[in-house]
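Please keep the sequence and the model in view while reading.

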Amino acid sequence: MRFWSREIGGWGLVLLGLLVFYQSYLFLNRTAVVHDANGANRVELRPGYIEAGQWSIIGIFLFRGGIHLLKVAVAARACLQANDQSKPEKKALPAPRRISMPMPPGPASRPPFAKQAV
């Protein structure tokens, strides 16, 4: 469930990028109705190259960003599944308990710089 937000955001950016590409297509196929001096109507093609170029660059960034988010979401899901599969199914034995034993009296129990009585 952690990766759904990335995946939904990725699909949203991909769709938004496709809509921007469609808008740039409409800019390139723009037509206008022109009235002649004779009173006749003509349809002329008046493409907007500048507008289409700008929108295409925006669409490229949106589309690539969406694809990147989708790749990250799929890779994270694959890593999570691989991590779950690599865990052993049986429970590990508990670690043995350490028993502390008192130190025997002797030279090791004296402070290091204590003076010895002669």
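Rings of Phe, Tyr and Trp (for Trp, its six-membered ring) are taken to pair if their centres lie within 6.5 Å; a pair is stacked if the planes are under 30 degrees apart, edge-to-face if they are over 60, and tilted for the rest. By this rule there are two aromatic pairs. In one of them, the ring centres of Phe 21 and Phe 63 are 6.3 Å apart and the planes stand at 55°, so this pair is tilted. Phe 21 belongs to helix H1 (residues 4-28) and Phe 63 to helix H2 (residues 49-86), so the pair ties together parts that are 42 residues apart in sequence.

The model is a predicted one: local features need pLDDT of at least 70, side-chain atom pairs count only at pLDDT 80 or more, and totals for chains, interfaces and linings use all residues. Residues are numbered from 1 along each chain as its sequence is written, and side-chain values use heavy atoms, with hydrogens and water left out.

Helices and strands are assigned as DSSP runs numbered from the N terminus, helices being H or I of at least four residues and strands E of at least two. On that basis the protein chain has two helices and two strands, and from the N terminus on the order of elements is α-β-β-α.

The helices may be taken in turn. The expected span of a helix is 1.5 Å times one less than its number of residues. H1, with 25 residues, reaches 36 Å from its first C-alpha to its last, close to the 36 Å expected. H2, with 38 residues, reaches 55 Å, close to the expected 56 Å.

Which residues of H1 are buried? A residue is called buried under 20% relative accessible area, exposed over 50%, and partly exposed in between (1.4 Å probe, protein chains only). The buried residues of H1 are Glu 7, Gly 10, Val 14, Gly 17, Val 20, Ser 24 and Phe 27. An α-helix has 3.6 residues a turn, so residues three or four places apart point the same way. In H2, the buried residues are Ala 52, Gly 59, Gly 66, Leu 70, Ala 73 and Ala 76. The cover of the buried residues of H1 includes H2, and the cover of those in H2 includes H1.

With contact meaning heavy atoms within 4.5 Å, and with neighbours within four places in sequence left aside, Glu 7 touches Leu 70, Ala 73 and Arg 77.

Side chains of opposite charge can pair when their charged atoms come close. A salt bridge is counted where a side-chain nitrogen of Lys or Arg is within 4 Å of a carboxyl oxygen of Asp or Glu. Arg 77, at 30% relative accessibility, is partly exposed. The charged end of Arg 77 also sits over the ring of Trp 4, 5.4 Å from its centre; the criterion is NZ of Lys or CZ of Arg within 6 Å of the ring centre and within 35 degrees of the ring normal.

A further salt bridge is formed by Glu 51 and Arg 30, whose closest N and O atoms are 3.9 Å apart. Glu 51 lies in helix H2 and Arg 30 in the loop between H1 and strand E1 (31-35), so this pair ties together parts that are 21 residues apart in sequence. Glu 51 is partly exposed at 30%, as is Arg 30 at 33%.

Asp 36 and Arg 42 also meet in a salt bridge, at 3.4 Å from N to O. Salt bridges that share partners join Asp 36, Arg 42, Glu 44 and Arg 46 into one network.

For the chain as a whole, 14% of the 118 residues count as buried. Of the contacts with a separation of 6 or more, 59% are between residues 24 or more positions apart.
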